[in-house]
Amino acid sequence: MGKYLVMIYDDEAKWAADDGSVMAQNDKNHRAFVEANGAAIRDAGQLDESTTATSIRTDGNGGYVVTDGVFAETREVMGGYYLIEAADLDEALAIAKQVPSPMGGVEVRPLVNGD
Amino acid sequence: MADLVAEAVAAAHVSEWAAVLAATARVAADLDLAEDCVQDAYAKALVHWREQGVPRRPGAWLTTVATRRALEHRRRADVARRKLPLLVPDEDPADQTFPDDRLRLVFTCCHPALSQEAQIALTLRLVCGLSSAEIAKAFLVKEATMQARITRAKHKISRTGIAYRIPHVPELPERIEAVLDVVHLVYTAGNQWGIDLARMVRLLLPASAEAAGLLGLLLLTEARQAARVDGAGQLVLMEDQDRRLWDRGLIAEGLELVPEAVREGGRFGLMAAIAAVHAEAGCWEATDWSEILGLYELLFARWPSPVVGLNRAVAVSYVEGPAAGLQQLPDDPALATYSYLYSTRAELLRRLGRTEEARAAYEEALAFTTDPVEVGFLQGRLTRDV
């Protein structure tokens, strides 16, 4: 068994254009996903919009540089995650494929020493 | 005197490598360890077979030696609690449908979570037993680059937990497609291992029409190889090929696969059927172009890629004439640097007698190829034919 983080990546511009109907359906789909895969899910969370992000970089001299915004500028940003446990990558991918992500997709990464 | 033992070991490398490694990987639960153990077993064979004679079943001998060594290693590693298994062990009883271990190895190497170039490199390394140097040479990259690519792919397999097993039934068609794509690419890269791999996959997946299709396609393509280039190293188009040079043995073997291959109307099955129509024509003029066009229509419906569209346009040109073919040439940015698009347009213009436009198209084709055989052909057209 291993742990995998399923990160949901969204194009926030598409969410901004939604009249609320996709959002409502999406909430329902997530509840259904959790119900169907509860045995494998260890943790989950939804992130606030990327405009709320603050990034911190070490400056190499023992100090920090704190800036407004996401760490890396990309069109699709991480909007939520599931931490799941699976026997192998195929099982993890089979679960991750069911994660609702109507405005983008998901990235699956194993945790080191996730056993 | 020839060294019979060295020859026997070399022959066993070609015919048994995949099976020995596949069985050892199951025990070792680690691809690197399995590879080391198998290499070691081959080295031992050189010594032992010289003293004791070549065993009756070299593959079984090698597997025993390699797996025993893998077990010793694991026992020691377990004592040291050094690491957990790096390959997810196989615990799926459904696997019994496919008893040959080699299939596990092939599916692991061609897992869609790996990049296609990594899939190809791993397959050549682990399934065919080629060295990084040999693979690097075939794909025109530096050995260190290829070595790094293989190492990265192996890390991904162990760290992400890509299982060493046959995919579950719902994923099977998609996963088989990935395997067949890799084998096809190995062949089109000019590597003779493509045919051996296609034979192996056909053997391991007897129920797959597409596996039959791929093998048929490769055999029928390979059969024309001797006629493709003339004595001076010049490319010979199929219409000018000396069909006596076509390999009748390969054609017969390929044709036998076609009825089964087209059964499901899959991509490789249809491509094999097209190759079969060419193979069955006694001369260029006897080619059944309406049959070929029909097959291309089916292929394009199933696989609407611009390259298929381009080949379909060629078929159109032989059924309805070059003007119709010209009209059907795909106008796709994906082909903007594809020399075959321009050489095809040039051929159609030449057949229409539009010499000036044909010249320009041949020039364009030249700008997008560095293959010496193609360059020679295009220059020949420009100096002699238009």
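Which ring does the charged end of B:Arg267 sit over? The ring belongs to B:Phe268, and the charged end is 4.4 Å from its centre. B:Arg267 also lies over the face of B:Trp303, this time at 3.9 Å from the ring centre. Please keep in mind that this is a predicted model.

Let's stay with rings for a moment. A search through the whole structure, over all chains, turns up eight aromatic pairs. One of them joins A:Phe33 and A:Tyr82, edge-to-face, with 4.8 Å from centre to centre and 65° between the planes. A:Phe33 sits in helix α2 of chain A and A:Tyr82 in strand β5 of chain A, so this pair ties together parts that are 49 residues apart in sequence. Both A:Phe33 and A:Tyr82 are buried.

Chain B has an edge-to-face pair too: B:Trp49 with B:Trp61, 5.5 Å centre to centre and 75° between the planes. Here the link runs from helix α2 to helix α3 of chain B, so it ties together parts 12 residues apart in sequence. B:Trp49 has a relative accessible area of 2%, and because buried means under 20%, it counts as buried. There is also an aromatic cluster in chain B, made of B:Trp284, B:Trp289 and B:Tyr318.

Now, a helix. How far apart are the end C-alpha atoms of α15(B), residues 306–319? They are 20 Å apart, and that agrees with the 20 Å that 14 residues should span at 1.5 Å a residue. Of those 14 residues, 10 are buried, so α15(B) is largely enclosed by the rest of the structure. Among the buried ones are B:Leu310, B:Arg312 and B:Val316. The cover over them includes α14, α16 and α17 of chain B. After the helix comes B:Gly321, with a positive phi near 105°.

For a contrast, let's go over to chain A. Strand β4(A), residues 64–68, is hardly covered: of its five residues, the count that are buried is zero. Its antiparallel partner is β3(A), residues 54–58, and the two pair over five bridges. In that pairing, A:Ser55 stands opposite A:Thr67. Five residues lie between the strands of this hairpin, where A:Gly60 takes a positive phi near 85°.

Last stop: the record. An unreviewed UniProt entry places a domain called "YCII-related" at residues 3–111 of chain A. Over that stretch the chain is 28% helix and 39% strand, and the end C-alpha atoms are 6 Å apart.

How values were computed. Residues numbered from 1 in each chain as written. Chains lettered and ligands numbered in written order. Predicted model: local features only at pLDDT ≥ 70, side-chain atom pairs only at ≥ 80, totals over all residues. Heavy atoms only, no water. UniProt positions renumbered as here; feature names shortened; annotations may be inferred. Helix = DSSP H or I, 4+ residues; strand = E, 2+ residues; numbered from the N terminus. Expected span 1.5 Å × (residues − 1). Buried < 20%, exposed > 50% of the residue type's maximum accessible area, 1.4 Å probe, protein only. Contact = heavy atoms within 4.5 Å. Pairing = 2+ DSSP bridges. Phe/Tyr/Trp six-rings, centres within 6.5 Å; stacked < 30°, edge-to-face > 60°. Lys NZ or Arg CZ within 6 Å of the ring centre and 35° of its normal.
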